[in-house]
Amino acid sequence: MTILFYDLVGHDAKRPFSPHCWKTKMALAHKGLDATKVPTRFLEVPKVEGGVSKTVPVIRNGERVVADSFAIALYLDEAYPERPTLFGGEGGKATARFIERWSQFTIHPYLMTVLLTDLHRMQDEANRAYFRESREQRLGKRLEEVVAGRDEGLAGFRA
Ligand SMILES: N[C@@H](CCC(=O)N[C@@H](CS)C(=O)NCC(=O)O)C(=O)O
């Protein structure tokens, strides 16, 4: 039985780009587990496994469906204790959670401003429209306006 792994892609199914999906990919690789990738575009995410989550990654392992990269990592460590561990115990889980939150609040916001228009370009037509609308609503600005501030934010990001 192979694990099904719903992985976010754009127009080109061979170019997965979600940082959260990459975490699951790395976790599966570390555990030495094979998975069948299901290339998933933004507009398909709400239909994955009957709408289990608003986001990917999502995996199905037999009867078990798990959403969220951290929850997936916890599940894989629990389900396959005989394989190399991802966390190495409670201290490792807490450290990993800290790093996840830190990167989410420190790294991701700036990278998002840098990458928005590239991510937009990577989508097919329907997903491009979804991406623009959802992100502009969230950010209150046109994508191009957000990306225009990237040089200004670079020194702060590097610091
Ligand atoms: N906390 C979640 C975050 C997952 C997440 O934000 N995924 C994004 C892709 S990077 C997504 O599926 N977005 C769907 C959308 O924006 O419609 C995790 O770690 O899995």
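This is a predicted model: local features need pLDDT of at least 70, side-chain atom pairs count only at pLDDT 80 or more; totals for chains, interfaces and linings use all residues.
This briefing looks at a ligand site and at how the protein divides into domains. The ligand sits in the largest pocket, and the protein has been assigned two parts, domain 1 (3-89) and domain 2 (107-158).

**Around the ligand**
- Residues surrounding the ligand include Leu8, Ser18, His20 and Phe42.
- The stretch Lys54, Thr55, Val56 and Pro57 also belongs to these surroundings, as do Asp68, Ser69, Tyr130 and Arg135.
- By residue class, the shell holds five nonpolar, four polar and three charged members.

**Polar contacts and burial**
- Serine 69 brings a polar side-chain atom to 2.6 Å from an oxygen atom of the ligand.
- Aspartate 68 also uses its side chain, with a polar atom 2.9 Å from a nitrogen atom of the ligand.
- Valine 56 takes part through its backbone, where a polar atom is 2.9 Å from a ligand nitrogen atom.
- On its own the ligand would expose 510 Å², and the protein buries 80% of that area.

**Domain arrangement**
- The centres of domain 1 and domain 2, taken over C-alpha atoms, are 24 Å apart.
- Where the two domains meet, eleven residues of domain 1 are in contact with ten residues of domain 2.

Definitions and conventions. Residues are numbered from 1 along each chain as its sequence is written. Side-chain values use heavy atoms; hydrogens and water are left out. A residue is near a molecule or strand if one of its heavy atoms lies within 4 Å of it. A polar contact is a pair of N or O atoms within 3.5 Å; within protein, one must be able to donate a hydrogen and the other to accept it, and residues adjacent in sequence count only if both atoms are side-chain atoms. Accessible areas come from the Shrake-Rupley method with a 1.4 Å probe; for residues, only the protein chains shown count as cover. On a 1 Å grid over the protein atoms alone, a cavity is a set of points where a 1.4 Å probe fits but cannot get out, and a pocket is an open set with protein on both sides within 12 Å along at least five of seven lines; lining residues have an atom within 4 Å of a point. A molecule sits in a cavity or pocket if more than half of its atoms lie within 2 Å of its grid points. Ala, Val, Leu, Ile, Met, Phe, Trp, Tyr, Cys and Pro count as nonpolar, Asp, Glu, Lys and Arg as charged, and the others, Gly among them, as polar. Domain bounds come from an automatic or database domain assignment. Contact means heavy atoms within 4.5 Å.
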